[in-house]
Amino acid sequence: MSIAPNPGIAPPARSMKLAMPGAGGKVPHYLSAHYWWAYVHPRSVRVFERQWLINLILWGNYRRLRDAALAELGDSLPGRTLQVACVYGDLTSRLSRRVAAGGGTLDVVDILPIQLENLRQKLPKDAPVRLLARDSAELGVPSASYDRAMIFFLLHEQPADVRRRTLGEVFRVVKPGGTILVVDYARPGRWHPLRYLWLPILAVLEPFAPDLWRHDLSVWLPPHCDGRAMRSKSFFGGLYQRVAVTR
Ligand SMILES: C[S@@+](CC[C@H](N)C(=O)[O-])C[C@H]1O[C@@H](n2cnc3c(N)ncnc32)[C@H](O)[C@@H]1O
């Protein structure tokens with residue numbers, strides 16, 4: 001991997017492609033106000049880059065959701081794959097292995113250089129991966145340039161207008177016939193104990209997450225998206241959803 005020049009941060013020492021043009025170094029207000037502890041603070045990576053901790057936050061479902069996301073995309077991924085936003089744990093390493101198996105390439109975008117740098121350290125040097133500092137709501141890449149895209153637990157962190165723009169951008173950059181895969185929170189069944197226990201806590205820690213309990217994902221999809229092209233699956237009594245949309 002090679003590194004593109006970056007005006008925002010010092011270039012990383014190793015050789016993965018790390019391009020920094022789009023984000024302009026600005027941290028969106030929702031991230032600095034509500035997620036400084038998880039992603040923005042210099043110590044956040046040291047605290048949260050522990051798969052057992054992320055698994056705990058997901059009530060023991062990290063592996064299941066990770067594997068479900070990967071299974072939906074396939075074992076071998078030729079062409080160009082986009083991952084929108086870094087995630088703690090080994091999801092991207094596993095995704096990049098499938099991309100390598102298919103002879104494809106993977107672009108991972110994130111708005112925070114600290115998160116891209118953390119991901120760079122988790123990936124092997126020769127992974128076919130480019131790391132791009134971009135805002136998911138303004139990707140700045142040509143339309144129809146990816147064969148598929150994955151958004152793993154990003155949308156619940158974004159205010160509704162940003163979430164809508166993120167989905168609009170992902171639909172724009174994925175080719176017609178390509179897959180857009182979302183894994184995130186959803187509304188658990190009435191009987192689910194976490195529906196009453198977890199929502200008030202989540203609403204404090206992650207103020208935009210309850211949106212995904214209240215509304216179907218289709219609410220934020222671009223107007224031209226055909227609902228018939230959506231395949232949804234629930235996990236853990238409905239607390240989580242995997243939605244695959246054919247562009
Ligand atoms: C994918 S989400 C949540 C991941 C999940 N909690 C985990 O780590 O397993 C976290 C990432 O989204 C990134 N992010 C948030 N808003 C973004 C935006 N507008 N554009 C690009 N990346 C964004 C954050 O910088 C962070 O790295």
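Which residue lies over the face of tyrosine 146? It is arginine 80, at 4.5 Å from the ring centre. A charge sits over a ring if NZ of Lys or CZ of Arg is within 6 Å of the ring centre and within 35 degrees of the ring normal. Arginine 163 lies over the face of tryptophan 220, also at 4.5 Å from the ring centre.

The model is predicted: local features need pLDDT of at least 70, side-chain atom pairs count only at pLDDT 80 or more, and totals for chains, interfaces and linings use all residues. Residues are numbered from 1 along each chain as its sequence is written, and side-chain values use heavy atoms, without hydrogens and water.

The structure holds 11 aromatic pairs. Rings of Phe, Tyr and Trp (its six-membered ring) pair if their centres lie within 6.5 Å; planes under 30 degrees apart are stacked, over 60 edge-to-face, and the rest tilted. Tyrosine 39 and tyrosine 88 have ring centres 5.9 Å apart and planes at 25°, so this pair is stacked. Tyrosine 39 belongs to helix H2 (residues 36-40), while tyrosine 88 lies in the loop between strand E2 (80-84) and helix H6 (91-101), 49 residues apart. Helices (H or I, at least four residues) and strands (E, at least two) are DSSP runs, numbered from the N terminus.

Tyrosine 185 and tyrosine 240 form a tilted pair, 5.5 Å centre to centre with 35° between the planes. Tyrosine 185 is buried at 1% relative accessibility. Tyrosine 240 is buried at 0%. Buried means under 20% relative accessible area, exposed over 50%, partly exposed in between (1.4 Å probe, protein chains only).
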